[in-house]
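Please read each point with the model on screen.

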Amino acid sequence: MILYTVKNGVYYNLEDFKEDLSDLGENGFPNKIYINMTNRCSCSCTFCLRSLKEFNEHNSLWLKEEPSVELVKELFSKYDWSHVAEIIFCGFGEPTMRFDDVVEVARWLKSIHPDIPLRINTNGLSDLVFGEPTASRLAGIFDTVSISLNSSTAQKYLDVTRNRFGLASYDAMLSFAKACQRYVPNVVMTVVDVIGAEEVAACQKVCDTHGLQLRVRPYEAN
């Protein structure tokens with residue numbers, strides 16, 4: 001599933017809707033379209049269902065192969081987007097693992113639908129993946145970048161994300177977030193509610209210290 005929408009934690013393939021996408025609003029969908037371009041991720045989070053291989057192979061978002069930029073554009077071109085409120089790069093993997101391709105698709109979308117906000121949901125570790133600053137790649141294209149903060153300390157963050165970059169990953173993620181503020185109008189840090197009120201409060205303090213906005217989102221098991 002490359003293009004999809006979500007309702008009550010369930011993924012729905014966009015190909016199941018009318019070409020004008022009017023079904024989205026008519027049937028209680030949030031008018032948001034998600035783009036799933038990769039299974040790859042630089043993290044192996046303890047709470048992520050992608051860590052369960054058997055689940056991965058049967059999940060509707062699991063890609064048998066990564067779609068080309070041309071295929072993603074072709075799929076988009078089938079639809080009338082007048083009913084769409086937001087387009088989000090977020091799938092089973094980490095979208096910035098295909099940073100150049102994501103930017104190419106996003107730039108194309110902006111050129112034909114400049115009125116539709118674009119968002120990317122990311123773990124914020126692309127600087128470490130590519131070995132260079134990456135926030136500037138989002139400039140003039142994305143309206144929102146949503147970054148998974150996950151935890152209030154470097155050790156807790158590493159314990160949760162199990163990424164390959166070690167304790168330095170936490171500061172790198174925060175640095176990326178602060179850099180994004182120079183290039184993207186809306187930068188949001190997120191945590192899931194299951195971490196508990198005390199840890200949420202600690203994460204809020206981290207965001208306050210760095211001048212970042214925090215959003216607490218519900219955990220989705222699907």
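1. Arg137 lies in the loop that runs between helix H5 (126-130) and E6. Leaving aside neighbours within four places in sequence, Arg137 is in contact with Phe99, Asp100, Val103, Phe130 and Glu132. Arg137 can also be placed relative to Ile33: the two are 104 residues apart in sequence, and their C-alpha atoms are 22 Å apart in space. Please bear in mind for this and every later point that the model is predicted.

2. The next point concerns a pair of helices. Helix H3 covers residues 69-76 and helix H4 covers residues 99-112; their axes come within 10 Å and cross at roughly 30 degrees. Angles under 35 degrees count as roughly parallel, and H3 and H4 are therefore roughly parallel to each other. The crossing in which H3 passes H4 is right-handed.

3. Which residues of H3 and H4 meet? From H3 they are Val69, Val72, Lys73 and Phe76, and from H4 they are Asp101, Glu104, Val105, Trp108 and Leu109. Sorted by class, this contact of H3 with H4 has 6 nonpolar and 3 charged residues, and no polar ones.

4. On cysteines, a search of the whole structure finds 0 disulfides. For Cys41, the closest cysteine sulfur is in Cys43, at 4.9 Å, which is too far for a bond. For Cys203, the closest cysteine sulfur is in Cys207, at 7.0 Å, again too far for a bond.

5. Is Cys203 buried or exposed? Cys203 has a relative accessibility of 0% and counts as buried. Cys41, at 26% relative accessibility, counts as partly exposed.

6. Cys203 comes up again as a contact of Ser152. Ser152 sits in the loop between strand E6 (144-148) and helix H6 (154-161). Not counting residues up to four places away in sequence, Ser152 touches Tyr170, Glu199, Ala202, Cys203 and Val206. Ser152 has a relative accessible area of 12% and is buried. Ser152 and Ser126 are 26 residues apart in sequence, while the distance between their C-alpha atoms is 20 Å.

7. Asn150 is placed in the loop between E6 and H6. What is the phi of Asn150? The angle is near 70 degrees, a positive value in a residue other than glycine. Asn150 is buried, its relative accessible area being 9%.

8. Arg162 also has a positive phi, of about 50 degrees, although Arg162 is not a glycine. Arg162 belongs to the loop between H6 and helix H7 (168-180). With a relative accessible area of 41%, Arg162 is partly exposed.

9. Thr190 is part of strand E7, which spans residues 186-192. Its relative accessible area is 3%, and Thr190 is buried. With neighbours within four places in sequence left aside, the contacts of Thr190 are Ser146, Ile147, Ser148, Leu149, Asn150, Leu214, Arg215 and Arg217.

10. Ser22 is buried, with 8% relative accessible area. How far apart in space are Ser22 and Val84, and what is their separation in sequence? Their C-alpha atoms are 8.8 Å apart, and the two residues are 62 apart in sequence.

Definitions and conventions
Residues numbered from 1 in each chain as written. Predicted model: local features only at pLDDT ≥ 70, side-chain atom pairs only at ≥ 80, totals over all residues. Heavy atoms only, no water. Axes fitted to C-alpha atoms, helices over the stretch in contact; angles between N-to-C directions. Helix = DSSP H or I, 4+ residues; strand = E, 2+ residues; numbered from the N terminus. Parallel < 35°, antiparallel > 145°, perpendicular 65-115°, else oblique. Left-handed = near helix turned anticlockwise from the far one by under 90°. Contact = heavy atoms within 4.5 Å. Nonpolar A, V, L, I, M, F, W, Y, C, P; charged D, E, K, R; others polar. Disulfide = S-S within 2.5 Å. Buried < 20%, exposed > 50% of the residue type's maximum accessible area, 1.4 Å probe, protein only.
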